[in-house]
Amino acid sequence: MGHQTPLYGVHVAAGGKIVDFGGWDMPIHYGSQLEEHHIVRRAAGMFDVSHMTVVDVRGAGATDYLLRLLANDVTRIPVGKALYSGMLNEAGGVIDDLIVYRREDDYRLVVNCGTREKDLAWMEKQSGGFAVDIQERPEMAMIAVQGPEARAAVARVLDAERAAASADLKVFSFADVSDWMIARTGYTGEDGVEIMLPGEQAVALWQALVGVGVAPCGLGARDTLRLEAGMNLYGNDMDESVSPLEANMGWTLVFNERDFIGREALEKQREAGHAELVGLVMEEKGVLRAHQKVITDQGEGEITSGTFSPTLGYSVALARVPAGSSGTAQVEMRKKMNTVTLVRAPFVRNGVKVFKPV
């Protein structure tokens with residue numbers, strides 16, 4: 001048995017197919033991964049993401065500590081806004097990718113469950129010399145409600161104070177209301193919110209959302225949705241051997257006067273040149289999968305994430321390829337070479353095809 005979120009019993013009762021995910025017993029789907037994917041693109045679905053690790057960082061040195069720890073710059077956002085960043089090792093490799101929320105008196109970080117122990121150990125190790133307190137919040141649950149109708153549905157189940165606070169949230173903004181945090185963030189390429197709340201209140205919120213027509217969705221649909229949206233999955237599209245420059249995360253790097261961990265290695269890599277993460281689309285039959293070889297006009301690369309795209313009706317993938325690769329490429333599948341087109345991810349945004357050829 002793995003760890004269980006406060007919603008585990010609800011998933012089982014609803015017929016969720018439970019699998020091990022990073023040591024957690026999580027629903028992969030509730031009958032049809034395809035239907036769950038489509039409902040998020042067309043209406044509203046929700047995901048239990050309580051397996052994610054919530055860490056609060058506070059203290060007089062919290063800002064200086066995060067300026068050193070993270071490759072993005074937390075001072076670029078005002079209170080009430082969130083930021084996506086890599087947390088890097090000295091060699092510029094990605095220990096984890098995370099979202100940091102800048103609050104009135106502290107910062108909240110949400111990191112991946114599969115890297116929890118490694119992340120917490122690294123954060124403690126780097127805290128020496130900073131007046132900072134790092135506190136994991138295992139009592140918090142997290143529900144992501146995503147899709148074009150998601151925010152309207154959420155507004156119908158919130159009390160007046162929370163509804164008012166969340167009504168005019170901008171993208172990547174959040175509101176703290178008593179012990180809930182409501183953030184206009186997500187991992188699907190759709191509008192929506194992620195709600196962090198005390199675990200004992202999660203079942204009531206989940207059931208209220210079911211009551212207004214929000215469909216429970218499993219981690220299978222979460223993966224096809226994030227891949228259509230061109231969003232990286234830690235462990236697939238980047239890890240400690242891959243830098244943000246090689247993972248299409250260059251936009252999260254802020255090379256200002258501060259000295260963040262991994263900076264020197266990234267500057268060297270930037271000068272020397274590096275592989276790139278691009279999108280692939282294949283309109284013929286077959287499904288692109290991780291670890292398949294890609295042969296481009298510049299040499300050999302590899303697929304990092306691949307799937308059938310339910311929205312587009314054909315296969316898409318992310319692949320790390322030599323710098324300057326463009327046009328078409330060949331992917332080896334079952335001893336046969338298949339032609340794919342190199343594109344700029346995302347593939348889908350707000351339910352619509354958006355990719356452009358490289």
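Visitor: What covers the buried residues of helix 4?

Guide: The model is predicted. In it, the cover over the buried residues of helix 4 includes both strands and a helix: strand 4 (53–58), strand 5, strand 6, strand 7 (106–111) and strand 8 (133–136), together with helix 3 (62–69). Helix 4 spans residues 116–125, and its buried residues are Asp-119, Leu-120, Trp-122 and Met-123. Around the axis these residues cover an arc of only 165°, which puts them on the same side of helix 4. Glu-117 and Lys-125, on the other side of helix 4, are exposed. A general rule of geometry applies here: an α-helix has 3.6 residues a turn, so residues three or four places apart point the same way.

In general terms, nonpolar side chains tend to be buried together in soluble globular proteins.

Leaving aside residues up to four places away in sequence, Phe-47 touches Val-40, Met-142, Ile-143, Ala-144, Gln-146, Thr-188, Trp-206, Cys-217, Gly-218, Ala-221, Arg-222 and Leu-225.

Pro-310 is located in the loop between strand 16 (299–309) and strand 17 (314–321). Its relative accessibility is 13%, so Pro-310 counts as buried. Apart from residues up to four places away in sequence, Pro-310 touches Leu-34, His-37, His-38, Thr-224 and Glu-228. The C-alpha atoms of Pro-310 and Gln-33 are separated by 9.8 Å, although these residues are 277 residues apart along the chain.

The buried residues of helix 7 are Ala-202, Leu-205, Trp-206 and Leu-209. Viewed down the axis of helix 7, they fall within an arc of 100°, so they line one face of the helix. On the other side of helix 7, Ala-204 and Gly-211 are exposed. Gly-213, which follows helix 7, has a positive phi, near 95°.

Helix 7 also packs with helix 5. Two packed helices are described by the angle between their axes and the distance between the axes. For helix 5 (residues 150–157) and helix 7 (residues 202–211), the axes come within 9 Å and cross at roughly 120°. The crossing of helix 5 past helix 7 is right-handed. On the helix 5 side, Ala-153, Val-154 and Val-157 take part, and they meet Leu-205, Ala-208 and Leu-209 in helix 7. The residues of this contact comprise 6 nonpolar, no polar and no charged.

Several loop residues complete the account. Gly-262 lies in the loop between helix 8 and helix 9 (263–272), and with 2% relative accessibility Gly-262 counts as buried. Gly-262 touches Asn-89, Glu-90 and Gly-92, residues up to four places away in sequence not being counted. From C-alpha to C-alpha, Gly-262 and Ala-71 are 7.8 Å apart in space, while 191 residues apart in sequence.

Asn-248 also lies in the loop between helix 8 and helix 9. Asn-248 has a positive phi of about 60° although it is not a glycine, and at 43% relative accessibility Asn-248 counts as partly exposed. Lys-335, in the loop between strand 18 (328–333) and strand 19, has a positive phi of about 65° and is likewise not a glycine. With 81% relative accessibility, Lys-335 counts as exposed. Finally, Pro-346 lies in the loop between strand 19 (336–344) and strand 20, and a cis peptide bond, with omega about 5°, joins Ala-345 and Pro-346.

Terms used:
Residues are numbered from 1 along each chain as its sequence is written. This is a predicted model: local features need pLDDT of at least 70, side-chain atom pairs count only at pLDDT 80 or more; totals for chains, interfaces and linings use all residues. Side-chain values use heavy atoms; hydrogens and water are left out. Axes are lines fitted to C-alpha atoms, for helices over the stretch in contact, and angles run from 0 to 180 degrees between N-to-C directions. Helices (H or I, at least four residues) and strands (E, at least two) are DSSP runs, numbered from the N terminus. A crossing is left-handed if the near helix is turned anticlockwise from the far one by less than a right angle, and right-handed if clockwise. Contact means heavy atoms within 4.5 Å. Ala, Val, Leu, Ile, Met, Phe, Trp, Tyr, Cys and Pro count as nonpolar, Asp, Glu, Lys and Arg as charged, and the others, Gly among them, as polar. Buried means under 20% relative accessible area, exposed over 50%, partly exposed in between (1.4 Å probe, protein chains only). The arc is that of the directions from the helix axis to the C-beta atoms.
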